[in-house]
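Q: Got a structure to go through with you. Can we start with how the strands pair up, then move to the packing?

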Amino acid sequence: MRIKKTLLITLIVGLLCGLLAVPAFAANLNAVPSNQYLIVNGHSVKNIPVYNIDGCNYFKLRDILYYTKHYEMDYIPEANTIAIYYVTQRTGVIDGVSKEKATQTTYGVSSSQKVYVNGWDLTSKFHPVNINGNNYFQLRELGSRIDFGVDYDAKTNTITVDDDHIYWTIGIV
C-alpha cells in the first residue's frame, strides 16, 4: 500500500512539473532578423532592429515612434505601463533609439506591460514581445491601434509608414 501511495504522489508531482514547464517553453518566441526596407514619412530608415516573429514584423516601439511626427510615449515603471499618445507636433525627444540592425536570431517573450493609447487602456489589443529588455510591437497592429498608414511593396521588399494618413494596409506586413 505504501508503494502505491509513493508511486501515486511521484506521478502527480511529475505531471504537475510537466504542466508547469510547458508554458515557460511555449512562451519563447523565435525572433529572426527581417531583411525588409523601411520608409517612414518619406525617409529611409536604416540601422534599427526589426524581427520577424511568426510571419509578422516587430519593431522596437521607441524606434518606430522616433521616426513618426505625431506620436510620443512614456514608460511609467511603477505602473508597469507604456503610454502612447498623439500630438499635433512633437516637442519631446524619444530616448533609447537603436543604432544597429538585428543580425542574429534571438528569442522573445510576451510582454506583461499595460499599454495605454491616448488615455485608453488597450492592453488586450496589443501583443508586445520583450526582446533583450525592449518592447517590440507588430507594425500592422500598432498602425491600426494608433492610426498611422502602413503599406508593403512586395516588388521592392519595402514597408512604408506614414503618420499623416489613417491606418491602411495593402500588403502583408
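A: A term to begin with: two strands pair if DSSP finds at least two bridges between them. Also, this is a predicted model.

Q: Fine. How many bridges join β13 to β14, and do they run parallel or antiparallel?
A: There are 5 bridges, and β13 and β14 run antiparallel. Across that pairing, V150 stands opposite V161 in β14.

Q: Is β14 enclosed or open, and why?
A: Largely enclosed by the rest of the structure, because 4 of its 5 residues are buried. Buried here means under 20% relative accessible area.

Q: Switching to packing. Which residues have the most contacts inside the largest nonpolar core?
A: L38, L61, I64, I84 and L142. That core has 26 residues.

Q: Which elements give two or more residues to this core?
A: Strands β2, β6, β7, β9, β13 and β14, plus helices α2 and α3.

Q: What does L38 touch, leaving out residues up to four places away in sequence?
A: H43, S44, V45, I48, F59, I64, I159 and V161.

Q: What other core lies apart from the largest one?
A: One of 10 residues. Among them are L29, Y51, I131 and Y136.

Technical notes. Residues numbered from 1 in each chain as written. Predicted model: local features only at pLDDT ≥ 70, side-chain atom pairs only at ≥ 80, totals over all residues. Heavy atoms only, no water. Core = buried A, V, L, I, M, F, W, Y, C linked by side-chain atoms within 4.5 Å. Buried < 20%, exposed > 50% of the residue type's maximum accessible area, 1.4 Å probe, protein only. Contact = heavy atoms within 4.5 Å.
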